[in-house]
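Welcome, and thanks for taking a look at this model with us.

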Amino acid sequence: MPILHRFIVLFLVLPHLILLGREEIRRHPIVREYSTAHYFSSERAIRQGRPGYYFEGNILKRLPFANDKFPGIPYDEGFEGPLLGPIDDSWTNLKIEFSKDRAEFTRYWWKWFIYSANAERSRDLVKEIHITGEMRYAHLDLVEAVFRKIKQDQLKVVRWDLPGPIPKSTLKILEERYSNCRLYYSFNNIHFGYSQSLHAPQHFHSLQVLISSTILYSLRVELHYTYKAEYNHLTHLFSILSTAPNMRELELIIHDLHGCESTSSPFAFNFLAQPSVRFPPLEVLKLDGYDLEERADGGNTWIWEYLDQQAFNQDPDLIPPPTRKPDDGRTSLDAWMEVMDWSHIQTLELFMPSKKTLAKLSGSALPALTKVQLNHGPRTNTDGNTDGDDALSFLTSHPLPLESLSLGGFDIRTGNAILENFLSREESVQNMTHFAFRDSTTNENQVPLNESLLAEFIRRSPKLDSLDINIRRDTNMLVDEVLFTSFTLSPTVTRLTLRIPSPDRENEWWMNHNNARYHYLLDRYRTFKDIGDETDAIFNKNTVVKIFQQIRSRKVGKELEEIEFYVGNWDGRWERGMLSNIILRVAYWKCSANWEGEKCEGNQTRITE
């Protein structure tokens, strides 16, 4: 609808809107047309007959109007912003979201924030800014203008979640104007064309720009390796750790996407390249895919970094293969422990650590450790798998009691042994706020812990806030039973995540593709999809709503704010690999409650070919 047409219609309808009540105004079709806008004003305005106002939820909002001040961007000189209402703490944390649906609003709103005199009070409150969205809709000059407008040294936190590099000019503004600011930065190389040429600048620029940054505080790096050799990301990450003095958090995830072919990309740092380097004292370290048991040189793949691989493949006789330096006897973990002070580590997450790794990190090696996540799984090298005894020894060796513990992939015996050990030592559960025990790689939710032990653990954990566990499909769901009674009687638990096997795991015999039942179900599902599928009789939308409401109705202490149900391998429903013939039912349901009331959302589907 053209702007002029909308304007005329709005004036024709406005007298009618004034005569309507608040609820009728919200439901009016003309008002609903503007429901995607997010502009605030006083309720008094619409009662006075001023145009361009509407309700969204319980908030009255104002529509933008075209103005020549910013060509192509709607702007109203008289736009009062949110300042007619009370200014609360929510103004300390602001979000800049660049997306297709919010592109126009983002530009308009932040133009008002930057230039309007009415926005001065709100600018004085901002302490944290979160930048997210899509690069194609991003206006980075607008971001710089926002950073320039906020008072010097006022901004404390910047979260950069755009799938693209922060410009050097923007980073310079932050470092010069907000020297005490903490930059939280996320990088995922899949957004930068990992299949392109190795030497394309956009392939690694977003990490390179952070080298020597004085405000970088937290860095999350997710790498996806294919058949093409990739060295730049780990090289630049190594340089960042060597030159960013205020960095305290690192999460590194390496995915190997090469399939059955071997990859020549490294999975560990080359510490021998810079033997005198020093890393900052990290407080949070999360590693998934990094090989701590590799040699200190980072592996044989690093020797090919500067070789012309194509020329070598064409005529290897003319180019001698590079030679690897002799092994100095140190692993990557040994070298890392030499170049960094590990006594500050408070949070540690490791994926498939070896026996040797856990042994080296036990006891006095991590005196400040309070949050642990261990994911167990088969290792392909000869260093040995971590078993339950290794995990228990590691968890009980540190001087401070744990506040958060997440275990994945361990067997039921290990999980029950850990609970028994913690219950035998009172100090082990006094500070526990989060506990999780679940599958690791398969996510089939088939390792439920002993319900009596769990109930006792919940009862004796005075600070437990969240719980993430597997339960059996035949668990008694009545709130009068042992496990669910422990949920209702805990005065501190506010969030629950329950993971249940797929209903089809109980009848795996018919999932064989040679069985007639299999073909019947597959044909039926292809025809009707989720709408006509067989509903899980135990865990469906109706039953999870009842469970949520029953627990909330009997809950003591803090209210239950959220409960999630994972039925089967919901997270892996698109990743079938060689198991494409299995058509298991999977589902996800989430029930939550806040000041607006209770709601439950989710869906059931199948893992299909």
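## Ground rules

This is a predicted model, in which local features need pLDDT of at least 70, side-chain atom pairs count only at pLDDT 80 or more, and totals for chains, interfaces and linings use all residues. Residues are numbered from 1 along each chain as its sequence is written, and side-chain values use heavy atoms, with hydrogens and water left out.

## The chain

The chain has 609 residues, and 49% of them count as buried (under 20% relative accessible area, 1.4 Å probe, protein chains only). There are 19 helices and 18 strands, taken as DSSP runs (H or I, at least four residues; E, at least two) numbered from the N terminus.

## Tyrosines under arginines

The whole structure holds 21 aromatic pairs (Phe, Tyr or Trp rings, the six-membered one for Trp, with centres within 6.5 Å; planes under 30 degrees apart are stacked, over 60 edge-to-face, the rest tilted). Y184 and Y217 have ring centres 5.5 Å apart and planes at 50 degrees, so they make a tilted pair. The pair joins strand 6 to strand 7, 33 residues apart, and both tyrosines are buried.

The charged end of R159 sits over the Y184 ring, 4.2 Å from its centre, while that of R182 sits over the Y217 ring at 4.1 Å (NZ of Lys or CZ of Arg within 6 Å of the ring centre and within 35 degrees of the ring normal).

## Helix 17

F484 and F487 pair edge-to-face, 5.2 Å centre to centre with 70 degrees between planes. Both lie in helix 17, 3 residues apart, and both are buried.

Note on methods: Buried < 20%, exposed > 50% of the residue type's maximum accessible area, 1.4 Å probe, protein only.
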